[in-house]
Amino acid sequence: MARKADSSFLRRSNVNQKHGTSAIRLRGPGRSRIFFAMTIFVFVYGAIAGRLILLGLQDGDPAERFLAAQSSVAQARPDIVDRNGEILATDIKSAALYAEPRKIPDTDEVFDGLISVLPELDTPSIKKRLESNALFTWLKREISVEQRQAIHALGLPGVGFRESNKRFYPGGQTVSHILGTVNVDNQGLSGMEKYVDQAWLKDLQDLGFTQDRTMEPVKLSVDLRVQHAVRDELRRSMEYYKAKAAMGVVLKADTGEVIAMTSLPDFDPNNRQQALEKARMNRVTGGVFEMGSIFKGITIAMALDSGKVKLEDGFDATKPIRVAGQKIDDFHGKRRVLSVPEVFIYSSNIGTIKVMQKAGIEEQKAFLKKVGLTQKMTTEIPGVARPLLPPKWNDLAAMTISFGHGLGVTPLQMAVAGATLVNGGKYLEPTFLPRSEEDADKLAQQVLKPETSEILRYLNRENVLRGSGRRAAVPGYDVGGKTGTAQKVVNGRYAEGVYLNSFMSAFPMSNPEYLVLIVLDEPQKVEGQRYSTAGWNAVPTTASVIRRIAPMLGVVPDFADDAETIPVSYQNRN
Amino acid sequence: MVSRTDRSAFAEWLWTIDRYMLIGIFTLMVSGLVLSLAASPPVAERLGLESFYFVKKQALFLIPSAAVMLGVSALSPRYIRRVALVVFCVMLVLLLGTLFFGSDIKGARRWVSLFGISIQPSEFIKPVLVVIIAFLLSEGRKAQDIPGQLISILLFGIVAAMLVAQPDFGQTMLLTIVLFALFFLNGLSWLAIVPLGLMGILGVAAGFTYLPHVRGRIMRFLDPSSGDTYQIDKAIDSFIAGGWLGRGVGEGTVKRILPDSHTDFIFAVAAEEYGIIVCVVLVTVFAFVVLRGLYMATQDQDPFGRLASSGLIVMFGLQSTINMAVNLNLMPAKGMTLPLISSGVSSLMAISLTMGFVLALTRKRPQPRKNPIITVTRAAPVQPA
């Protein structure tokens, strides 16, 4: 290391002299090799510069740039209207001002014209942009109609407007979960907006057919008036009974059309942020619940339809059932032998289990599948939850499922199954789009004998006349239904007094046209009430809903004999 | 202006330094800061830092970096060797340290924290290793009894082993090429170059066969449809979007998508905002520094100075060309910083050290002429009595 490089040239010269030939060799290749390296670097840097220049020449596909600018403007969407043509969602048009500087002959004239209408454009940067040689430049987004008109009237060359669209929901929160939301680019994110995109709109937009066209509105099966009434009543009940959440579904019984669907708390689709809050989720299609006693109607329908159980059969409900270390008992048990109608009306857990057992577990499984309670429901709205099945469908699971525990389903699924029980036994997948009766008949699957459905109508009506559904009676509309008070699981155990209350009803029961399912999550006792069970909250809520919607829906009231169910054959409506 | 008769150390330095190269290097340093304005804010925002965090850091370290470079450039070759040896020993220890105490970033241990500053020893060990190997080779050539080549390969082997252990294949590859370049510049016989070249090809083939990610990268380069070329595609989009004159500072969009926009892909990001003309100018400055450095090396009669400065310049040139070629999709993707431009304190300091060495070794020194007896040296003025 200690070689004296700088100070000993003489010595080095001597060294060179000594090994004269080697010194020349040393100098020779060393230098030529460096020149070799320089040549290589010249080529490499040259290649890099060349590549850069080639890329620079690629620039200037003006059409592509122009299209890119166009597609960044929010696309148009079709209006969404309810079954009567009321607007639920619409686009508000606003204009965006742009310039094509290359086409401007006199920049000063255009600039002065623009700032006479839009003084805020009087900036050096705007002037510079107009003077540039660019093909396209945005000047201002979202200008008002008056400003647009004023600039248009000036007749400035090289200046133009692009339509841009903003989604607006005039009803605010009313139809929120059905409609869903769109993002800032007007693309559907949830609800029917997303369905419309997926079904056909996306393809159309990609082809560029949605710029300035008026599209045929999308008609839904929903009735805005009914939707409003249901939501309004639910909101009141939720407040009055201090419930955590409330859900309501109105289905047209013989077509499967959803007339109204509400899940509270809901959100305002005009305010996208709200839609993301977990508490505002759509519980009707996106939540699964153990629905409780409203399942008993399904169990009884299954048993009767199997032919193994007759209406008059007696079932011993004197003693609680003990199974797998657990005791299943009745709420206010009668402690005697009950007939099938009594099992239904008194909502006997013991009786329902025995009815199920007489028909058999296989029969139960097959029937639940037929009414669509064990598989994911298919409908237009995205984000439908899958039912929560028991890990093993053994004796115990079958027993609890018979009275609505141990199997979680979405409320909409439950409503569809409920409609099947009373509409003559036709299973129809729910739809948010209009469906004619002919189409419904084609789609319908007969899963129950019409006679069984007839019996279920009678049982439901009896329950309103004499059972737990008494508060649902609405004079003239022949309401029938079944209550459900499901204990909720808190910290892994069924908790006393924490209920999911529901009432599944249909009207008029003699020939049901509409099915109404009302669910209240954890309603509390109010003054003068002894219990917080379904009969005290979900049932009266249903009554006020039906009282409001039945006249709107054009159901003809019949005051002739409000006390008895009149068989459909004697009815003479239309 | 300093008089030519001034014999102070500063005057000596000022009159002997290669000012063209110095201007080139300073141009690159300032450009690095300017390009960082475009490329680093999105990365800083992604990391939850203040927008101009990396810009400020770069600016802050530019001063000590320049000081290191200028300070080193004033050293004599003998001191260069001493500094190189000391730095080499320290960095070898730190490099060993990274394997045990290094912080794990993206699956590699390359960083070690020293007095609260995290440094990347592999960046620093590269230039000093080049200086040491240049010395060993030149000594070995002069006195046949010194096994310079053997010791060089040994030292290289130790460093390479540690780099592979980190793992850092990019630096290992760079160092291997530089080692080969040093042997080549030292006048390695063409008869030896051919088999070595074949070995290199075999090595690449082995990597291709046995290292799936190497194969993936090469295949994606040869056939873009065979895999995900997202980063490269975006980089090319960036060049095209920028056009000749760029979109303007702050108008870039691709930088928000490219993960390493402030280091490996700074060139592409800069292109979008400043335009291709600026990029071509940048390439020209790099080419100028490299060619000027190599030319200056040829003027050096001292084999050590010539070998060391040309080796360092080759490393600098390789790093810049590899980075730019990757950005332009001219070669398979390989993480490599753009010297003096990319953000990164260790990289900046190490390159400053490298260029300091080069400037020092290419300073005008008295050179023996063709006739070795006649030497031209700067005569000291007659001291007034």
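Me: Asp266 and Arg231 of chain A, buried or exposed?
Reply: Both A:Asp266 and A:Arg231 are buried, meaning under 20% relative accessible area, with exposed over 50% and partly exposed in between (1.4 Å probe, protein chains only). This is a predicted model in which local features need pLDDT of at least 70, side-chain atom pairs count only at pLDDT 80 or more, and totals for chains, interfaces and linings use all residues. Side-chain values use heavy atoms, without hydrogens and water.

Me: What does A:Asp266 form with A:Arg231?
Reply: A salt bridge, with the closest N and O atoms 2.7 Å apart; the term stands for a side-chain nitrogen of Lys or Arg within 4 Å of a carboxyl oxygen of Asp or Glu. A:Asp266 lies in the loop between β7 (258-264) and α10 (272-275), and A:Arg231 in helix α9 (residues 224-240), so the pair ties together parts 35 residues apart in sequence. Helices (H or I, at least four residues) and strands (E, at least two) are DSSP runs, numbered from the N terminus.

Me: Which side chain meets A:Glu233?
Reply: That of A:Arg548, in a salt bridge of 3.0 Å, N to O. A:Glu233 is in helix α9 and A:Arg548 in helix α20 (residues 534-552), so this pair ties together parts 315 residues apart in sequence.

Me: Why does A:Glu233 count as buried?
Reply: Because its relative accessibility is 9%. A:Arg548, at 27%, counts as partly exposed.

Me: Switching topic, how many salt bridges over all chains?
Reply: There are 34.

Me: Which residues are linked in a network?
Reply: A:Arg77, A:Asp91, A:Arg167, A:Glu193 and A:Asp197, through salt bridges.

Key:
Residues are numbered from 1 along each chain as its sequence is written. Chains are lettered from A and ligands numbered from 1 in the order in which they are written.
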